[in-house]
Amino acid sequence: EFLIRKRPGLYAFTDPGYRHSHSESLSVKEKELLNRHIIKILLINIQDSDRKAKALSHHLLQLTNDYDGCLWLLKAGDSYLRGFKNEMALCCYRKALEDLLLQRGQEADELFTETAVKYSKVSTARRDTTEVLSILREAMERARKWEDKCSQSLLEMHMAKNEWLRGQYDN
């Protein structure tokens, strides 16, 4: 017996090793389909927003996401951050940024900018400042396109902070 019933409609593998070997036998396409199916189930069955975001993030991190998926990654990152799980927050923010790079439009640009600022805040003195500056510059281009002066000011501040940090580490 490989599965146990935890409660109605919820099953788990009895052996984590078997789960891993079964997972490895799936094709990339099969994994993508399963992750998308699991996401649909979680969206329906979990009511609490923080719990939902965290549960979804595991699957969203493995896919290329649309705007809604990126929004859930941002929510998950915020939730992880509130729980002092900064590395998980950074993973969620980074994945949202990667997927938003593929999207166009004002909504996607605004979400990219918001996520870039959060990524910059959490990554201070933890990440390569050159990478963070690159993300912030992309966000600045997107904010300028929509003449978003408020975001531009915030991005300027974060860029200056990262430039200063880079100067500190170079010396």
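**Residues in context**

A: At 36% relative accessibility, Ile4 in this predicted model counts as partly exposed, because that class covers values between the buried limit of 20% and the exposed limit of 50%.

Q: Where does Ile4 lie?

A: Ile4 belongs to strand E1, which spans residues 3-7.

Q: And which residues is Ile4 in contact with, leaving aside its neighbours within four places in sequence?

A: Ile4 contacts Leu10, Tyr11, Ala12 and Thr14. For Thr14, which is 10 residues from Ile4 along the chain, the separation of the two C-alpha atoms is 6.2 Å.

Q: Let us turn to Gln152. Is Gln152 buried or exposed?

A: Gln152 is buried, because its relative accessible area is 12% and the limit for that class is under 20%.

Q: Which helix is Gln152 found in?

A: Gln152 is part of helix H8, residues 149-170.

Q: What does Gln152 touch, not counting residues up to four places away in sequence?

A: Its partners are Met140, Ala143, Arg144 and Glu147. One of them, Glu147, sits in the loop between helix H7 (129-145) and H8.

Q: Is Glu147 buried or exposed?

A: Glu147 is exposed, since its relative accessible area of 62% is over the 50% limit.

Q: What about the backbone there: what is phi of Glu147?

A: Glu147 has a positive phi of about 55°, although it is not a glycine.

Q: How accessible is Phe84?

A: Phe84 has a relative accessibility of 74% and therefore counts as exposed.

Q: A change of topic, to charges. Which residues form the negative surface patch?

A: The patch is made up of Asp66, Asp68, Glu107 and Glu110.

Q: Where is Asp66 found?

A: Asp66 is in the loop between helix H3 (49-60) and helix H4 (67-82).

Q: And how does Asp66 count in terms of relative accessibility?

A: Asp66 counts as partly exposed, because its relative accessibility is 48% and the exposed class requires over 50%.

Technical notes. Residues are numbered from 1 along each chain as its sequence is written. This is a predicted model: local features need pLDDT of at least 70, side-chain atom pairs count only at pLDDT 80 or more; totals for chains, interfaces and linings use all residues. Side-chain values use heavy atoms; hydrogens and water are left out. Helices (H or I, at least four residues) and strands (E, at least two) are DSSP runs, numbered from the N terminus. Buried means under 20% relative accessible area, exposed over 50%, partly exposed in between (1.4 Å probe, protein chains only). Contact means heavy atoms within 4.5 Å. Patches are made of residues with over 30% relative accessible area and no salt bridge: like charges are joined within 9 Å, nonpolar side chains (Val, Leu, Ile, Met, Phe, Trp, Tyr) within 5 Å. Accessible areas come from the Shrake-Rupley method with a 1.4 Å probe; for residues, only the protein chains shown count as cover. A salt bridge is a side-chain nitrogen of Lys or Arg within 4 Å of a carboxyl oxygen of Asp or Glu. Lys and Arg count as positive and Asp and Glu as negative; His and the chain ends are not counted. The place of a charge is taken as NZ of Lys, CZ of Arg, CG of Asp or CD of Glu.
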